[in-house]
Amino acid sequence: MAELLTLEEAQRLVLERVEALPSEPVPLDQAAGRVLAEAAWAVVDLPPFPSSAMDGFAVRAADTPGSLPVVFRIAAGRPSPAALGAGEAMEISTGGVVPDGADTVVPVEHVVENENTIEIRETVAEGANVRPRGGDLRAGDEVVSAGTLLGAAQLGALAAAGIAEVACGAVPRAAVLATGTELRQPGEPLAPGEVYEANGLILETQLRSAGAEVERLAAVADDEDAHREALARGLQHDLLVTSGGVSVGPHDLVRAIEAELGVDEVFWRVAVKPGKPVSFGVRGRTLVFGLPGNPVSSLVAFELFVRPAVLALQGLTEPRPRFEPGRLTAAAARNPGRDQLVRARSRAGADGAVELEPLAGQESHMIGSAAGADALVLLPRGEGELAAGAPVRYLRLA
């Protein structure tokens, strides 16, 4: 039997076969969670005028210290109709337009105000508390680069720069199919040997969190015709994700029927635990993932292989899982032949480092135990165990 692929090799093979979807225009207020397909450029200088960083008084630095008459009061959005003259002051609000002639803003708490006169007792530096025009961005500057996932900070910058519409990667269309004669929907009575179907909901939730539009197909029994019909429908999408039926048992039909339907299998089986029997193939531009039927195996394999593909379809610059540093709170045994993903609960240590507590119940069918996890800890293959306090890398679970 062929040697198992490493985690890194399998991820590379997946991403090499992803063709980013075409871009489409998206109104800015609908672009949260989308991936920018083309760099966005500022329409205006930001700020578009010299503005005050403080509530206070606009003055000339050369007139300080001194006693100055207040000749106008500037509110945000209502600039002064005239320039500031020598020996004068204008009251100004935070964000207000600094008038021509002024080069400094003195905070209100640094002056003594007496009716329409202020007294400034210390010399103020030129430019103090004035935000220069274009100090953040100039018109024509790149605001957000292509391949960026748009969150609150990016959307705020785009809006402030005057951008009303952006080009984003199209939303991937995904199909999810759970297989197995034993599957029943929650709420239905269970006969002996039957279980409730959870993988479809797990995968639909994960796909939506990655930005995909999802059709969850009805679970199918271990029947060739039922498999063929459902898989053919799923292959009409950008992405097809199945669970179950990818091992070597007599009822594992998925891979063989996908081959009949024109799917070119790129790999089958990866040196990870859980999730070894994962398969990946393509038909045209459609990406086809076969995940194991054990719920935790399916959940983990999605994070390692499917989520990067969904993000790459949208054009994200770096779609691979982002592992972060942490340390174990208890010893954990390694697997000699496979990298292992251990469900864990994270917390902040006394020194600020992330501490990771492996949970009891690490078998791949134990989805109930997985409900308490918020992290997957990567234990590299090897002999022996990692001791409590050992540095590790972990992946956050949404």
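In this tour, a residue is called buried when its relative accessible area is under 20%, exposed when it is over 50%, and partly exposed in between (1.4 Å probe, protein chains only). The structure is a predicted model, in which local features need pLDDT of at least 70 and side-chain atom pairs count only at pLDDT 80 or more, while totals for chains, interfaces and linings use all residues. Residues are numbered from 1 along each chain as its sequence is written, and side-chain values use heavy atoms, with hydrogens and water left out.

**The whole chain**

Begin by displaying the entire protein chain. Its secondary structure consists of seven helices and 28 strands; helices (H or I, at least four residues) and strands (E, at least two) are DSSP runs, numbered from the N terminus. Along the principal axes, the C-alpha atoms fill a box of roughly 95 × 50 × 40 Å. The radius of gyration of the chain is 30 Å, whereas a compact globule of 398 residues would have a value near 21 Å. This radius is taken over C-alpha atoms, and the globule rule is 2.2 Å times the number of residues to the power 0.38.

Of the 398 residues, 46% count as buried. The chain exposes about 18800 Å², of which carbon and sulfur atoms supply 51%; accessible areas come from the Shrake-Rupley method with a 1.4 Å probe, and for residues only the protein chains shown count as cover. A contact means heavy atoms within 4.5 Å. Among contacts with a separation of 6 or more, 70% join residues 24 or more positions apart.

Select residues 199-209, which form helix 3. Which residues of helix 3 are buried? They are Asn 199, Gly 200, Ile 202, Leu 203, Glu 204, Gln 206 and Leu 207. Helix 3 is followed by Gly 211, whose phi is positive, near 105°.

Although Phe 302 and Leu 203 are 99 residues apart in sequence, their C-alpha atoms are 7.5 Å apart in space. Not counting residues up to four places away in sequence, Phe 302 touches Leu 203, Gln 206, Leu 207, Leu 291, Arg 307 and Pro 308.

**Second stop: the loop between strands 5 and 6**

Move to Ser 80, in the loop between strand 5 (66-74) and strand 6 (89-92). Is Ser 80 buried or exposed? Ser 80 is buried, because its relative accessible area is 17%. A polar atom of the Ser 80 side chain lies 2.6 Å from the backbone oxygen of Ala 82. If neighbours within four places in sequence are left aside, Ser 80 is in contact with Phe 72, Ile 74, Met 90 and Pro 99.

Ala 83 is also found in the loop between strand 5 and strand 6. With a relative accessibility of 46%, Ala 83 counts as partly exposed. Ala 83 and Asp 100 are 17 residues apart in sequence, and their C-alpha atoms are 4.7 Å apart. Beyond neighbours within four places in sequence, the contacts of Ala 83 are Glu 88, Met 90 and Asp 100.

Select Thr 148, in the loop between strand 11 (142-144) and helix 2 (152-160). A polar atom of its side chain lies 2.8 Å from the backbone oxygen of Ser 145. Apart from residues up to four places away in sequence, Thr 148 touches Arg 34, Val 35, Leu 36, Gln 154 and Leu 316.

Where does Glu 115 lie? Glu 115 is in the loop between strand 8 (111-114) and strand 9 (117-120). Its phi is positive, about 55°, although Glu 115 is not a glycine. At 70% relative accessible area, Glu 115 is exposed.

Continue to Asn 129, in the loop between strand 9 and strand 10 (130-131). Asn 129 is a residue other than glycine with a positive phi, near 60°. Its relative accessibility is 26%, so Asn 129 counts as partly exposed.

Finally, inspect two peptide bonds. The bond from Thr 64 to Pro 65 is cis, with omega near -10°; Pro 65 lies in the loop between strand 4 (56-59) and strand 5. The bond from Lys 273 to Pro 274 is cis, with omega near -5°; Pro 274 lies in the loop between strand 19 (272-273) and strand 20 (279-283).

Conventions: Polar contact = N/O pair within 3.5 Å; in protein donor to acceptor, adjacent residues only side chain to side chain.
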